[in-house]
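Please look at the structure shown here with its labels in mind.

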Amino acid sequence: MPRIKIYQEDHIASPSWRMWQTFSANPFAVIGLWAVIFLLILTIFAPLIAPYSAEMQDQQVLLLPPSWDPAGTVEHFLGTDDLGRDIFSRILHGVQLTFGMSLLIVAASLFFGFIIGSLSGMMRGIKSSVLSHLLDALLSIPSLLMAILVVAVMGPGLNNVFWGVGIAMVPQFVRAIHLAVHEELQKEYVTAAKLDGANSLQIFWYVIMPNVWDVVIIQVTMAISAAILDIAALGFLNLGAQAPSPEWGAMVAQGLDNLLLAPWTVTIPGIAILFTVLSVNLVGDGLRSALAPIRN
């Protein structure tokens, strides 16, 4: 019994356990977490779950309404589009293109942003000042506009969307990590580490980084939401995924011609985008609330 008690006290005293307790006490954050896990499962197993191919056409069921409509059928749960393609299957395949790609973009942007932001954050003097002003100038351009400029130069397509949105996300990570590292350098425990003989690499990795991870985590959740919206917006503007791709933004654009006749071709992919962004934002808000006591 005493060993169990000691284990529980140590567990409760750990910052990660306190963060989880605060996070799990927020019901909306927990709902968002389960939704994100669900989306991750769909991202991996969507081709196995989808009842039809994303590009399979059936001329016998053009603009079939969803199953809850009297004219709908169970075989096509969410109805079909103007080419007879199953919307439910296209939504499942689109998880990989919209949500899955956003994760890859954020991971790549975080990699480059972490390296540049860490190095610049450890700098002082005119180099740090010049980089700070350059980042302010880049961040004054909305990420979607920057992505549009990149894609407009490179040409439409999912590969170029990856580069366009990724390039637009890098300055945000650089700025957040640069400010966090630069702020930690002013703390007294960093000075104490220098007096103990620690070199710059040791100070960065063992002293500064443990106090910066929370900023990185919060920035990642914000970037995922922005990346999802940017990917969908580029698809909607016909600068991203091209037909017959089941990317959600492109599906909304393709359904606009039949909005009055078949509104489900627009509303269902729109709801999918809303659900995904809302889920990620709920997790992000929960993490911000959970990490606030630890930062303070």
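The questions below set computed values against the cut-offs behind each label.

This is a predicted model, in which local features need pLDDT of at least 70 and side-chain atom pairs count only at pLDDT 80 or more, while totals for chains, interfaces and linings use all residues. Residues are numbered from 1 along each chain as its sequence is written, and side-chain values use heavy atoms, with hydrogens and water left out.

Q: Why is Trp 34 called exposed?
A: Exposed means over 50% relative accessible area, buried under 20%, and partly exposed in between (1.4 Å probe, protein chains only). Trp 34, which is found in helix α3, has 59% relative accessibility and therefore counts as exposed.

Q: How do you know whether Glu 184 is buried or exposed?
A: Glu 184 has a relative accessibility of 8% and so counts as buried. Its salt-bridge partner is Lys 187, with the closest N and O atoms 3.4 Å apart; Lys 187, at 31%, counts as partly exposed.

Q: Which other residue forms a salt bridge with Asp 81?
A: Asp 81 pairs with Arg 85, the closest N and O atoms being 2.8 Å apart, and both residues are buried.

Technical notes
Helix = DSSP H or I, 4+ residues; strand = E, 2+ residues; numbered from the N terminus. Salt bridge = Lys/Arg side-chain N within 4 Å of Asp/Glu carboxyl O.
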